[in-house]
Amino acid sequence: MYQEIILDHYKHPRGAGVLDRPLGEAHHVNPTCGDEVTVQIGLDPSGGLLIGYLGQGCSISQASASVMAEALTGRTPADAWPIREAFLELMHGRGTVEPDEEILGDGVAFAGVAKYPARVKCALLAWMALQDAAIKAGLAGAGPEDTISEDAQADGGDEEGRAAP
Ligand code: ZN
């Protein structure tokens, strides 16, 4: 069932495309799989997030961008960043984190992916690009967990870079 959700987002990406007036944009590449995604961020007149994205690559990377856009579009940054944190926690949990569908929506479909480190990078690509775009737009979350640290390295961001020595 989870695989079907991922495939559905891959085949029918929600909200794909570019924004008219993005406030920030970031292009991230996952060289181990060949995935690429550009994520744009903006705000609608009522203060809700607008998210644009374009990408190419494996079904997990592209479906993840679609799930992200669907989950976060229209939410205020303050509401959106905890969802991003929850998705990161899920993907870094190596399969031990129980996903909360109320928070993550279709993001729960990636729970099984968390067991496969190589695919975790695919699943996180768009969410890392979003963080970079948010920083450029001045919209990055102010929460204590939301630092620039390992989540927002330069393009090609390798969030597994802190692997054990
Ligand atoms: Zn991939």
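Tutor: Happy to! Let's begin with Arg-14, which touches His-9, Ser-66, Ala-69 and Glu-70, leaving aside residues up to four places away in sequence. Keep in mind that this is a predicted model.

Student: Where does Arg-14 sit?

Tutor: Arg-14 is in the loop between H1 and strand S1, and S1 covers residues 24–30.

Student: Is Arg-14 buried, exposed or partly exposed?

Tutor: Arg-14 has 18 C-beta neighbours inside 10 Å, so it counts as partly exposed. Being buried would take 20 or more.

Student: How far is Arg-14 from Ala-71 in sequence and in space?

Tutor: They are 57 residues apart in sequence, and their C-alpha atoms are 9.9 Å apart.

Student: OK, zooming out. How many helices and strands are there in the protein?

Tutor: It has five helices and three strands. Reading from the N terminus, the order is α-β-β-β-α-α-α-α.

Student: And what share of the protein is buried?

Tutor: Buried residues are 39% of the 165 residues. As for contacts between residues at least 6 apart in sequence, 60% of them join residues at least 24 apart.

Student: Back to the helices. At what angle do the axes of H1 and H2 cross?

Tutor: H1 is residues 2–11, and its axis comes within 8 Å of the H2 axis, crossing at roughly 80°. The two helices are therefore roughly perpendicular to each other.

Student: Which residues make that contact?

Tutor: On the H1 side there are Ile-6, Leu-7, His-9 and Tyr-10, and on the H2 side Ser-59, Ile-60, Gln-62, Ala-63, Ser-66 and Val-67. Sorted by class, the contact has six nonpolar, four polar and no charged residues.

Student: How many residues of H2 are buried?

Tutor: 12 of its 14 residues, which makes H2 mostly covered. Among the buried ones are Ser-61, Met-68 and Leu-72.

Student: What happens just after H2?

Tutor: Gly-74 is there, with a positive phi of about 90°.

Student: Which residue other than glycine has a positive phi?

Tutor: Arg-94 is one of them, with phi near 50°. Most residues other than glycine have a negative phi. Arg-94 lies in the loop between H3 and H4, and it is exposed, with 11 other C-beta atoms within 10 Å.

Student: You just mentioned H3. Which of its residues are buried?

Tutor: In H3 they are Pro-77, Ala-80, Trp-81, Arg-84, Phe-87, Leu-90 and Met-91. In a helix there are 3.6 residues a turn, so residues three or four places apart point the same way. What covers the buried residues of H3 includes S3, H2, H4 and H5.

Student: Last topic: the largest nonpolar core. Which of its residues touch the most other members?

Tutor: The core has 40 residues, and Val-39, Met-68, Ala-126, Ala-129 and Leu-130 are the ones that touch the most other members. S2, S3, H2, H3 and H5 each supply at least two residues of this core.

Student: Which of those gives the most to this core?

Tutor: H5 does, with 12 residues.

Student: And what does Ala-129 touch?

Tutor: Not counting residues up to four places away in sequence, Ala-129 touches Ala-26, His-27, His-28, Val-37, Thr-38 and Val-39.

Terms used:
Residues numbered from 1 in each chain as written. Predicted model: local features only at pLDDT ≥ 70, side-chain atom pairs only at ≥ 80, totals over all residues. Core = buried A, V, L, I, M, F, W, Y, C linked by C-beta atoms within 7 Å. Helix = DSSP H or I, 4+ residues; strand = E, 2+ residues; numbered from the N terminus. Contact = placed C-beta atoms within 7 Å. Axes fitted to C-alpha atoms, helices over the stretch in contact; angles between N-to-C directions. Parallel < 35°, antiparallel > 145°, perpendicular 65-115°, else oblique. Nonpolar A, V, L, I, M, F, W, Y, C, P; charged D, E, K, R; others polar.
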